[in-house]
Amino acid sequence: MTRLGVTPTMTTRIFGSGIRRREDPRLMTGQAAYTDDIKLAGMVHAAILRSPHAHAKINGIDTSAAKSAPGVLAVYTSADTEGVLNPIPCAWQPPDSDIKAVDHHALAVDVVRYVGDAVAVVVAESRYQAEDALELINVDYSAMPAVVNPKAAMDSGAPQLHGDAPNNQAFHWVVAGGDTDAAFAEAAGSQNHVVVTDTIIQQRLIPNAVEPRSAVANWQFAMGELTLWSTSQNPHIARFLCSLVTGIGEHKIRIIAVDVGGGFGSKIPMYADEMLAAFCSMQLRRPVKWTATRSEGYLATIHGRDHVEQVELAATKDGKITGLRAEVYAGMGAYLSTAGPGVPTILHGLMYSGPYEIPNVRGDIYGVFTNTTPVDAYRGAGRPEATFLLERMMDLLAAELNVDPVEIRRRNLIQPFENGHDVSTGLTYDSGNYQATLDLAMQHVDYPALRKEQEKERSEGHYMGIGVSTYCEICGLGPSQVAGAVGFGGGLWESATVRFYATGKVNVYVGISPHGQGEETTFAQIVSDELGVPVDDIEVIHGDTDITPMGWGTYGSRSTVVGGGALALSTRKIRDKGIALAAHLLEAAEEDIQYEDGKFFVRGSPDQSKTIQDIALMANVAWNMPEGMEPGLEATTFYDPPNFSYPFGAHVAVVSVDADNGHIVLLRYVAVDDCGPQINPVIVEGQVQGGVVQGAGQALWEGVVYDDNGQLLTGSMMDYAVPKAHLLPNIEVLSTVTPSPHNPLGVKGIGETGSIASTVSIYNAVIDALRPLGVTRIEMPLSPQRVWQAIQQAKGA
Ligand code: MCN
């Protein structure tokens, strides 16, 4: 079932071949068009006044000076938007969680709740004029106490953000399987069991896409139509939400996501800013552009992670896990972002069994309002946190029992399975061979030799550490029925149209909306492989709701599984029609027509054949069609997968730590991942590497810092440390191939695995390095200062 190897062998088939990304030439030569490149006749510019307070009452806003500033066309506050714009909805409300979906107005009404909350918007002839006029708006605030830590926010006496959310509790959601209380009671009363505990802080992160958010809104009043160019990962969802907020019919809204320079989840939500651009355009009947600066984005674009977790793991003394219990306080920020509540619940709690047999699991997840930027999906979204939690506890268990960390994992990994495996959280994994990825990783790094090297280094007074994580994750989001059942306010199917022209060239229209992942290449490979058309004859079109069929977006590593599934099925419809038309043209029975590599021929008579291009021509001109067959060669499929996909793998990090100054060097990183058959191994490798680097960022460098008053201290790239290339080793990417039985291509997602597995393997490596010094935990990011302090504390203890 599982094929092992260091990147799969290149094939002569285009599926599986590492052809170069077709989108790169335009991205690298400046030919790409981003939202901020859009220029329309008569276009004006919006700038948004943001609250400097984390929590304050607005006593009054004086806009008179700003209104008369040069070039200013209008200044709007909530007095203008109230009753015109509806609150921005939270579109993922987990069931049975007593969720408090508090109103989130595009412009703050009476109270501001985080530094960056939008208070007023200025529209002027130029961006400079709009920005200058912001300074002339006088807001009379009465500052109020703020709270930024999600656990502290639930303490009695904490400042309250919303009248209708007592104790700042946004929701309480429970995942439970087996009988966890009984498992822990048994462990407590038995000599043959151990319990390990930890408090884990998943620090808050800022997504850093290359392109900041931007919007251009054009209200065509005569038609009652709104066109919104927007840096969106999911233009069709944006259309849906825009309709709810503005009240314009969905059929009168066109969302266009031109080239989008990355998102990592941060361009999923509908934001106040985009809706304000639409509002201003409707008021002024002129096109309006708004583009965030980097530091504005740090305040007003969603953040990720932000958990405080208390975790217990029970196991027998021979290392078999019997139960896992977690209490999680997940910061939601000041309002519930579009998908925010789904992240620490469905995408996190349901993964508490990971790749292991854990019979008894319970997680109590509290979503908490704090006076901070709203939190939503950031690469991995919930699954890096779940993997961290499990893999940290595995290492603590190994240390407690004095068993090798790899061995402890082996004792608990789920055995290989090809078609469905139920875990205690209620999920059914599709297929997996977890041992195989761990074996390959161990073999590749020569684990016994690595441990020997570590011993030698230690004997010479050097602190080298080896960290391992084995993971599996839930992605390829569908099916829609499950989406509905878990409170997701939409579907999770995809659609794709394949359109052949008479000349044999092909346009592919897809609902997904890639923004860096490379589907213009891999989707062309799917079509080329299925239909034998050269890849250069295929163009993949996405990102415009007026042109492309419905799609639910590019996130949750779902585009290839679900969008690719729809596309594969469309190509197969084309092939079937081709067979019927070829049979007619070749005067043979359909059963006698064989199809291979773009050719239809009569079985046993290969010279009697038609190419797919011949068929495309004949179908399009329709001179000689079989009775009842429609003209044209085009197919659309709406595809809803029967299950999620569950990629998996094993990652190994090797670090050295300088105990004198706390400085960490990441010496080596090995990623073994299994995403099923790879359409393009070079793209897959790039995805893994990018994800690993982001995960390394969380372990070693990145972290949002708010002061106690809710001021963002890491408000620019000078203060927020994204990973830099020279700090990273070559990332060695290997893979195994275990097909998923649950989608037409057998593929699994790969876009997030790197960020899911890497943070904790690096963290585990650092703790492993410092074990001789007695260090057992350090808060992330593992800055030299923190590492040094932890060493001093351990020495003093
Ligand atoms: N692929 C493949 N074979 C497979 C699986 C995937 O060749 N078996 C290819 C795909 O066809 C695609 C790429 O790998 O070209 C990633 O595919 P997939 O795993 O389906 O993920 P999505 O396209 O749905 O992308 C979403 C995922 C997420 S959730 C985040 S966050 C993320 C990521 O992708 N954000 C990114 N990768 C990113 N890459 C870039 N450059 N920019 C981002 O913002």
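Hi everyone, a definition to begin with: helices (H or I, at least four residues) and strands (E, at least two) are DSSP runs, numbered from the N terminus. With that in hand, arginine 285 sits in the loop between α7 and β13 (288-291), and its phi is near 55 degrees, a positive value in a residue other than glycine.

Some ground rules before we go on. This is a predicted model, where local features need pLDDT of at least 70 and side-chain atom pairs count only at pLDDT 80 or more, while totals for chains, interfaces and linings use all residues. Residues are numbered from 1 along each chain as its sequence is written, and side-chain values use heavy atoms, with hydrogens and water left out.

Staying with the backbone, let's look at two cis peptide bonds. One joins glycine 478 and proline 479, with omega about -10 degrees; proline 479 is in the loop between β19 (463-472) and α13 (480-485). Another runs from methionine 780 to proline 781, with omega near -5 degrees, and proline 781 lies in the loop between α18 (753-770) and α19 (784-796).

Now to the ligand. Which residues are the closest to the ligand? Of the 32 residues that surround the ligand, the closest are Glu519, Thr522, Thr560, Gln687 and Ile750. Here, near means that a heavy atom of the residue lies within 4 Å. By class, this shell has nine nonpolar, 18 polar and five charged residues. For the classes, Ala, Val, Leu, Ile, Met, Phe, Trp, Tyr, Cys and Pro count as nonpolar, Asp, Glu, Lys and Arg as charged, and the others, Gly among them, as polar. Helices α14 (519-531), α15 (559-585) and α17 (681-700) each supply at least two residues of the shell, and the largest share, three residues, comes from α17.

Next, the polar contacts (pairs of N or O atoms within 3.5 Å; within protein, one must be able to donate a hydrogen and the other to accept it, and residues adjacent in sequence count only if both atoms are side-chain atoms). A polar side-chain atom of glutamate 519 is 2.4 Å from an oxygen atom of the ligand. A polar backbone atom of isoleucine 750 is 2.6 Å from an oxygen atom of the ligand, and a side-chain N or O atom of arginine 379 is 3.2 Å from a ligand nitrogen. The protein covers 95% of the 840 Å² of accessible area that the ligand has on its own (areas by the Shrake-Rupley method with a 1.4 Å probe; for residues, only the protein chains shown count as cover).

On to aromatic pairs. Rings of Phe, Tyr and Trp (its six-membered ring) pair if their centres lie within 6.5 Å; planes under 30 degrees apart count as stacked, over 60 as edge-to-face and the rest as tilted. The count comes to 13 aromatic pairs. The rings of tyrosine 76 and phenylalanine 279 have centres 5.1 Å apart and planes at 85 degrees, so this pair is edge-to-face. Tyrosine 76 lies in strand β4 (residues 72-76) and phenylalanine 279 in helix α7 (residues 272-284), so the pair ties together parts that are 203 residues apart in sequence. And α7 takes us back to where we started: arginine 285 is in the loop between α7 and β13.
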